[in-house]
Structures are given as C-alpha cells and as structure tokens.
Amino acid sequence: IGNARHVGLGSDIDGAFGTEQTPLDLDTIADLQKLPALLRARGYSEDDITGILSENFLRFIRTALP
C-alpha cells in the first residue's frame, strides 16, 4: 500500500512453522526483540517501527471493531 503505516508483523514462531520458514536472524521467539534494531538498520523511523510492531494492528482493530 505504500508505507509503514500499512504494515504489521505478527509471529507464529510458537511452533506452527519450522526455522526454514522464518528469517535467518530469528531462531526462537526470544529473537523477536532483534526486530527493532534490524528495522532501524534498514532506515525505518522510530514511529514506523512502533507502528509495524504494534500500533498499526491496534489502530486497525480499534477502527474495525465496534
């Protein structure tokens, strides 16, 4: 859709997929804490990172649910 306001990352690293379906830097659910630094290194702003990791989903849910 064009920008980071329309992206939300979720995780299914709780056993539904093997490591062959996950990014190389994410071996366990504990590795999700690496995501902000990885996104920062790719040039995303702090607002973008917050949106991608939680706020975009929350905004969508608040809008979609009564």
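Biologist: How many salt bridges does the count come to?
Modeller: This is a predicted model, in which local features need pLDDT of at least 70, side-chain atom pairs count only at pLDDT 80 or more, and totals for chains, interfaces and linings use all residues. Residues are numbered from 1 along each chain as its sequence is written, and side-chain values use heavy atoms, leaving out hydrogens and water. A salt bridge is a side-chain nitrogen of Lys or Arg within 4 Å of a carboxyl oxygen of Asp or Glu. By this rule, the count is 2.

Biologist: Which residue forms a salt bridge with arginine 40?
Modeller: Side chains of opposite charge can pair when their charged atoms come close. Here the closest N and O atoms are 2.5 Å apart, and the partner of arginine 40 is glutamate 46.

Biologist: Is aspartate 31 buried or exposed?
Modeller: Aspartate 31 forms a salt bridge with lysine 34, with 3.8 Å between the closest N and O atoms. Buried means under 20% relative accessible area, exposed over 50%, and partly exposed in between (1.4 Å probe, protein chains only). Lysine 34, at 35%, is partly exposed. Aspartate 31 has a relative accessible area of 13%, so it is buried.

Biologist: How far does helix H2 reach from its first C-alpha to its last?
Modeller: Helices are DSSP runs (H or I, at least four residues), numbered from the N terminus. H2 covers residues 46-64, which is 19 residues.

Biologist: At which residue does H2 bend?
Modeller: A bend is the angle between axes fitted to the seven residues ending at a residue and the seven starting there. In H2 this angle is about 65 degrees, at isoleucine 52.

Biologist: At what relative accessibility does asparagine 56 count as buried?
Modeller: Asparagine 56 is in helix H2. Contact means heavy atoms within 4.5 Å; leaving aside neighbours within four places in sequence, asparagine 56 is in contact with residues including Ala4, His6 and Gly51. Asparagine 56 counts as buried because its relative accessibility is 9%.

Note on methods. Helices (H or I, at least four residues) and strands (E, at least two) are DSSP runs, numbered from the N terminus. The expected span of a helix is 1.5 Å times one less than its number of residues.
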